[in-house]
Amino acid sequence: MAAAVIRRPSIEPFTPLQKKPLPAGRPREWYVTHNRRLKAMRLTIALLDAGVYVPSKATNATIRTMAERIGIRPPSDTTCRMVRTLIRYSR
């Protein structure tokens, strides 16, 4: 029989994880795609937290405004398209 585990909320404040260097030896395109995906995920999380749950509400202007709000560089059209795709599949 499985026992239920009850987790107590931590009293400690959230501390971000240590960043590790990316693996060496990959083609440049891999690093570009990887960083684009990370940026799209950050923007998607911020938009979902702000109440944008429908891809049609996430226009390029909305996404770029959110990027400015959270302190990252404005995304390209490709990254904006990735953000809308992530919002679509987050349901």
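Colleague: What does Met82 count as, and how do you know?

Modeller: Met82 counts as partly exposed, because its relative accessibility is 25%. Buried means under 20% relative accessible area, exposed means over 50%, and partly exposed is what lies in between (1.4 Å probe, protein chains only). Keep in mind that this is a predicted model, where local features need pLDDT of at least 70, side-chain atom pairs count only at pLDDT 80 or more, and totals for chains, interfaces and linings use all residues. Residues are numbered from 1 along each chain as its sequence is written, and side-chain values use heavy atoms, with hydrogens and water left out.

Colleague: Where does Met82 sit, and what does it touch?

Modeller: Met82 is in helix α3. Leaving out residues up to four places away in sequence, Met82 touches Arg36, Arg37 and Ala40; a contact means heavy atoms within 4.5 Å.

Colleague: How many helices and strands does the chain have?

Modeller: Three helices and zero strands, running α-α-α from the N terminus. Helices are DSSP runs of H or I with at least four residues, strands are E runs of at least two, and both are numbered from the N terminus.

Colleague: Why is Thr79 called buried?

Modeller: Thr79 has 3% relative accessibility, so it falls under the cut-off for buried. This residue is in helix α3, and beyond its neighbours up to four places away in sequence it touches Arg36, Lys39 and Ala40.

Colleague: What makes the Thr79 and Arg36 side chains a polar contact?

Modeller: Their distance is 3.2 Å. A polar contact is a pair of N or O atoms within 3.5 Å; within protein, one must be able to donate a hydrogen and the other to accept it, and residues adjacent in sequence count only if both atoms are side-chain atoms. So 3.2 Å is inside the limit, and the pair qualifies.

Colleague: What does Lys39 count as, buried or exposed?

Modeller: Buried: Lys39 comes in at 18%, and that is under the cut-off. Lys39 belongs to helix α1. Leaving aside neighbours within four places in sequence, Lys39 is in contact with Ile72, Arg73, Pro74, Pro75 and Thr79.

Colleague: What makes Asp77 and Arg64 a salt bridge?

Modeller: Their closest N and O atoms are 2.7 Å apart. The rule asks for a side-chain nitrogen of Lys or Arg within 4 Å of a carboxyl oxygen of Asp or Glu, so this pair passes. The bridge links distant parts of the chain, with Asp77 in helix α3 (residues 77-88) and Arg64 in helix α2 (residues 60-70), 13 residues apart. Asp77 is partly exposed at 44%, and Arg64 is partly exposed at 29%. The structure holds one salt bridge.

Colleague: Which residues of α2 are buried, and how do you know they sit on the same side?

Modeller: Ile63, Met66 and Ala67 are buried in α2. They cover an arc of only 105° around the axis, so they are on the same side of α2; the arc is that of the directions from the helix axis to the C-beta atoms. On the other side, Ala61, Glu68 and Arg69 are exposed. Among what covers the buried residues of α2 are α1 (28-50) and α3.

Colleague: Which residues does Asn60 contact?

Modeller: Asn60, in helix α2, is in contact with Asp77, Cys80 and Arg84, leaving aside neighbours within four places in sequence. The side chains of Asn60 and Arg84 also make a polar contact of 3.0 Å, and that is inside the limit for such contacts.

Colleague: Why is the Trp30 and Tyr31 pair called edge-to-face?

Modeller: Rings of Phe, Tyr and Trp (its six-membered ring) pair if their centres lie within 6.5 Å; planes under 30 degrees apart count as stacked, over 60 as edge-to-face, and the rest as tilted. Here the centres are 5.1 Å apart and the planes are at 90°, so the pair is edge-to-face.

Colleague: What lies over the face of Trp30?

Modeller: Arg26 does, at 4.5 Å from the ring centre. The rule wants NZ of Lys or CZ of Arg within 6 Å of the ring centre and within 35 degrees of the ring normal. Trp30 itself is partly exposed, at 29%.
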